[in-house]
Amino acid sequence: MVLETTKHEEPIMSQSKTVCVIGAGPSGLVSARELKKEGHKVVVMEQNDDVGGQWLYQPNVEEEDPLGKTKTLKVHSSIYSSLRLISPREVMGFSDFPFTVKEGRDTRRFPGHEELWLYLKDFCEVFGLREMIRFNVRVEFVGMVNDDMKRWRVKSVEKKSGVVIEEVFDAVVVATGHYSYPRLPSIKGMDLWKGKQVHSHVYRVPDPFRDEVVVVVGCFVSGPDISIELVKVAKEVHLSAKSLNVSAGVTKAISKYKNLHLQPQIESLEEDGRVIFVDGSWIVADTILYCTGYCYKFPFLESKGRVEVDDNRVGPLFEHTFPPALSPYLSFVGIPRKVIGFPLFESQGKWIAKVLSGKTSLPSYDEMMQSIFELYRAREANGIPKHNTHDTPDFDYCDKYADYSGYPHLEVWRKKLCVSTILRSLDNLETYRDSWDDDHQLLQETLQDPYFAQRTTTPL
């Protein structure tokens with residue numbers, strides 16, 4: 001089923017609204033910028049002392065629960081010290097703010113996390129977003145005023161003073177990200193095992209694992225990445241995967257390091273320290289490090305059951321964005337996973353801003369619900385489990401959001417570079433960020449695009 005939102009053909013007076021954006025990470029910042037461009041009055045609430053969201057590195061994790069089992073987290077970011085981007089900088093930038101090399105900074109195509117944080121700070125400065133942001137403010141409650149979806153009460157707490165502030169907004173945009181709350185497997189004996197168990201949410205550097213036998217659970221992105229770092233200090237690293245049919249890149253890494261071993265899934269954990277795998281083999285380990293992904297959680301949101309998280313499916317959401325019963329006054333940015341994040345956040349933010357201003361409109365409640373149910377049925381028919389509902393490993397949603405707001409599709413060169421990078425990472429896990437000769441011609445053609453001539457500094 002293909003739905004089209006209505007675009008008004010004649011110019012209309014923009015309907016300015018007061019909007020609270022929760023989160024000053026990339027999705028919150030670009031959404032705030034788009035809302036501001038549409039004439040809305042925007043307040044961004046950010047729990048940390050600077051912009052960046054996940055990209056604001058937080059090295060001190062001692063006070064965090066190692067498995068993140070608390071209702072609210074003390075640490076938002078899950079970035080580890082050595083992390084580098086898995087996509088080249090050319091594809092990461094917003095449509096009018098390319099992620100270009102800056103003198104005196106990290107000039108690599110796949111830079112470290114700090115460079116992306118600095119890019120977000122530059123973006124914030126150039127577009128004058130900081131004045132809209134309240135830092136060190138934690139949102140405690142978001143809910144409708146007297147069940148009126150056109151009025152939203154937001155209660156926040158100033159972390160330093162403890163002062164509680166209650167305000168009413170016309171709309172709320174949730175942009176809190178989904179890489180903070182650990183998602184853990186259910187393993188027999190997990191609660192009785194006497195070794196250390198930690199989630200990658202609190203992993204920062206390899207030193208605490210020196211001379212240990214470590215089992216790393218999960219073989220998607222962070223699992224192999226962290227394993228390759230751990231082998232340099234740990235006695236043994238055992239990478240436990242759902243399937244032993246791993247990528248060529250993982251196979252090459254295992255062949256290279258004598259203390260890196262591929263294991264099947266864990267069957268059980270025993271009180272004597274043994275980790276038993278499903279094939280009957282076992283080892284005695286010091287630590288289990290879970291690289292098993294994250295959960296969607298919105299502990300502040302009271303929607304009266306109109307939006308719920310069920311087995312990591314946030315729903316119902318039309319196009320992963322609007323809950324039909326509360327649209328357009330409540331929306332979510334950045335729910336889709338396995339995407340080119342920044343361009344998707346931008347096109348999603350443009351759509352939300354235009355819907356709130358009345359320049360475009362959503363389908364009816366019934367049409368949106370039908371679209372959602374058809375998405376669920378299609379996912380189920382393709383064997384995709386409920387917890388992967390929001391995995392969108394293609395470019396369709398970026399282009400779909402663009403269509404809804406009258407915005408150009410994602411550039412072809414972005415798509416080509418993204419696909420090329422994924423293929424190279426699967427083949428050469430350790431070297432793809434620094435060895436990309438096969439991308440040279442495509443890169444040269446890409447850099448001729450007028451997009452890269454745009455300014456990325458404040459005007460004099």
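1. Start with Asp50, which sits in the loop between strand S3 and helix H2 (89-92). Keep in mind that this is a predicted model. Is Asp50 buried or exposed? Its relative accessibility is 12%, and buried means under 20%, so Asp50 counts as buried.

2. Now look at who Asp50 meets. Leaving aside residues up to four places away in sequence, Asp50 touches Leu56, Trp117, Lys121, Arg130 and Phe135.

3. Next, helix H1, residues 26-37. Just after H1, have a look at Gly39, which takes a positive phi of about 90°.

4. How enclosed is H1? Largely, because 10 of its 12 residues are buried. Among them are Leu29, Val30, Ala32 and Leu35, but also Arg33 and Glu34. What do the buried residues of H1 pack against? Their partners are strands S2 (18-22), S3 (41-45), S4 (133-134) and S8 (171-174), along with helices H3 (113-126) and H6 (341-357).

5. Finally, go to helix H9 (residues 412-427), where you'll find Leu423. Leu423 has a relative accessible area of 54%, so it is exposed. Leu423 belongs to a nonpolar surface patch with Val419, Ile422 and Leu426, and together they have about 350 Å² of accessible area. A handy thing to remember here: an α-helix has 3.6 residues a turn, so residues three or four places apart point the same way.

Definitions and conventions:
Residues numbered from 1 in each chain as written. Predicted model: local features only at pLDDT ≥ 70, side-chain atom pairs only at ≥ 80, totals over all residues. Heavy atoms only, no water. Buried < 20%, exposed > 50% of the residue type's maximum accessible area, 1.4 Å probe, protein only. Helix = DSSP H or I, 4+ residues; strand = E, 2+ residues; numbered from the N terminus. Contact = heavy atoms within 4.5 Å. Patch = residues over 30% accessible without salt bridge, like charges linked within 9 Å, V, L, I, M, F, W, Y side chains within 5 Å. Areas by Shrake-Rupley, 256 points an atom, 1.4 Å probe, with all protein chains shown as cover. Salt bridge = Lys/Arg side-chain N within 4 Å of Asp/Glu carboxyl O.
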